[in-house]
Amino acid sequence: MTVRTRFAPSPTGFLHIGGARTALFSWAYAKKHHGQFILRIEDTDVERSTPEAVQAILDGMHWLGLDYDEGPYYQMQRMDIYKKVIQSMLDHGTAYYCYCSKEELEALRESQMQQGLKPRYDGKWRPEAGKTLPAIPQDIPPVVRFKNPQTGVVAWGDLVKGRIEIANAELDDLIIARADGTPTYNFCVVVDDWEMGITQVIRGDDHVNNTPRQINMLQALGATVPQYAHLSMILGDDGQKLSKRHGAVSVMQYHEDGYIPEAVLNYLARLGWSHGDAEIFTMQQFCEWFDLDHITPSAAQFNTEKLNWLNAHYIKEANIDVLADDIASRLKKLDVVAQAQPKLQDVLALYRERANNLNQLARDVAYFYTLPQVSAEDVAKHITPEIMPAVQSLSQNLAQINWSAEAIHEAINAVVTQYQLKFPKVAMPLRVMLTGIAQSPSIDQVMALLGQKEALSRIQNYIR
RNA sequence: GUCCCCAUCGUCUAGAGGCCUAGGACACCUCCCUUUCACGGAGGCGACCGGGGUUCGAAUCCCCGUGGGGACGCCA
């Protein structure tokens, strides 16, 4: 049987880091087994679903390069299928109408909680041999409930957590269609996973508790039960649960914050999954290596520092033209236009070795295209009156030479010797004059890229 | 409250009874490289939640604690 996995987000917000990892693992599993990966939008909560959220999810997946073979399917467009199944379950007696009002259910829940019991539907309208059902109230539109088995256990071999077993007595008859006739989540999932021929359901472990209900429905429908793999959650950098209020951000925020998608992908792949000592790998390798039995069942804490380390790696590895495009657009946000000279690719070749963030990289190279902001502190510390004669003399020499890093280096060495100084004594003030700060790559290389005219002009500003 | 899940360095993890005086990676520290800051290189620090079993032998298996998390909606 060919493998078919799916990612089934509900469009009530952006694609966050946990969702992205779930999608990544489902995607990789399908790729590994030459199967299909399906995207399904679970938008049956009309109140909270928005088209913007759908777009945000699509954008996030696109940025990460998680392409799908089928979909996106929208559950709201599949109502006919669900209604047909509900009718057939009603016909077969595996589902029934319940006329309890919301208030009645609420009261039931409360009293059970007070008695220290697990809140559950009491089966008031559940048809049973020899049982007389109450009189049907006229003013209450009924919901449809699934007739869950009351004895025995539901068990499955979870691909991540191992065997999980839950007594049917713990479960109640869940609502599969609301009073207005629309189907509910657990039911739609069952129908879709069945109808779409999903073979492995890979999802967050907050769904473990839904699984036994879904299996029971699948069995009532006579459907093949897929395999389940429940991924543990991702905690924030501080070990706390991610929530809207606390640290949960869109994957697109990582783009915004200067991360390269390869780094995010590699990082996410290693969160909860491992392949021996492998830390850095391509998505192609990941798809070859990926399997469900090397996933940790315990929750993982997000670590930005390790992401930064991977980001540095992928910035070094990136295609220089792609990198230049990205940095050019980030420069634009800083109101800096990357001119033709010096070529941004050349500048980045010099700078990317030291960067671990794209925004930082953009800020670092901005001075090639705009006058740097110099701090008074750096000026006071490095551009001292004592050094000015040497700088002045160097400036005159530089005007004479053939502009190249080697020649610049020689020129600096010459004044260093002439004035009996150490190299940094001259290099540091140059850095500040040219780049605005006291840290930069080799000053001769920086100057070579900046160009003779521009370099000399910036030095002149300090000579009076 | 009830049910379910989880538990190795600060963090991500390797580990499927002897290969473990517990390995790798990030972070941290030291040194080297050096034209500053980085990069890079070499070292270092640092963990099996506790208690009982089982076994010749347990990080690995079992039980009990403890701690953490999740689920209990006409939300998904």
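## The salt bridge between D193 and R6

D193 and R6 form a salt bridge, with their closest N and O atoms 3.0 Å apart. The term salt bridge denotes a side-chain nitrogen of Lys or Arg within 4 Å of a carboxyl oxygen of Asp or Glu. Side chains of opposite charge can pair when their charged atoms come close. D193 belongs to helix α5 (residues 185-195) and R6 to strand β1 (residues 4-7), so this pair ties together parts that lie 187 residues apart in sequence. Helices (H or I, at least four residues) and strands (E, at least two) are DSSP runs, numbered from the N terminus.

D193 is buried, with a relative accessible area of 4%, and R6 is buried at 4% as well. Buried means under 20% relative accessible area, exposed means over 50%, and partly exposed lies in between (1.4 Å probe, protein chains only).

## Basis of the model

This is a predicted model, in which local features need pLDDT of at least 70 and side-chain atom pairs count only at pLDDT 80 or more, while totals for chains, interfaces and linings use all residues. Residues are numbered from 1 along each chain as its sequence is written, chains are lettered from A and ligands numbered from 1 in the order in which they are written, and side-chain values use heavy atoms, with hydrogens and water left out.

## Other salt bridges

The whole structure contains 22 salt bridges. One of them joins E106 to R109, whose closest N and O atoms are 3.4 Å apart. Both residues lie in helix α4 (residues 102-114), three residues from each other, and are therefore separated by about one helical turn. E106 is partly exposed, with a relative accessible area of 40%, and R109 is likewise partly exposed at 40%.

A further salt bridge connects the side chains of K118 and E170 at 3.3 Å, N to O. This pair links distant parts of the chain, 52 residues apart: K118 is in the loop between α4 and β5 (143-146), and E170 is in the loop between β7 (162-167) and β8 (175-177). K118 is partly exposed at 46%, and E170 is partly exposed at 36%. Elsewhere, salt bridges that share partners join R6, R40, E42, R78, D192, D193 and E195 into one network.

## Cysteines

A disulfide is a covalent bond between the sulfur atoms of two cysteines. Here the term requires a pair of cysteine sulfur atoms within 2.5 Å, and the count by this rule is zero. For C100, the closest cysteine sulfur is that of C98, at 3.7 Å, which is too far for a bond. C100 is buried, at 9% relative accessibility, and C287 is buried at 11%.
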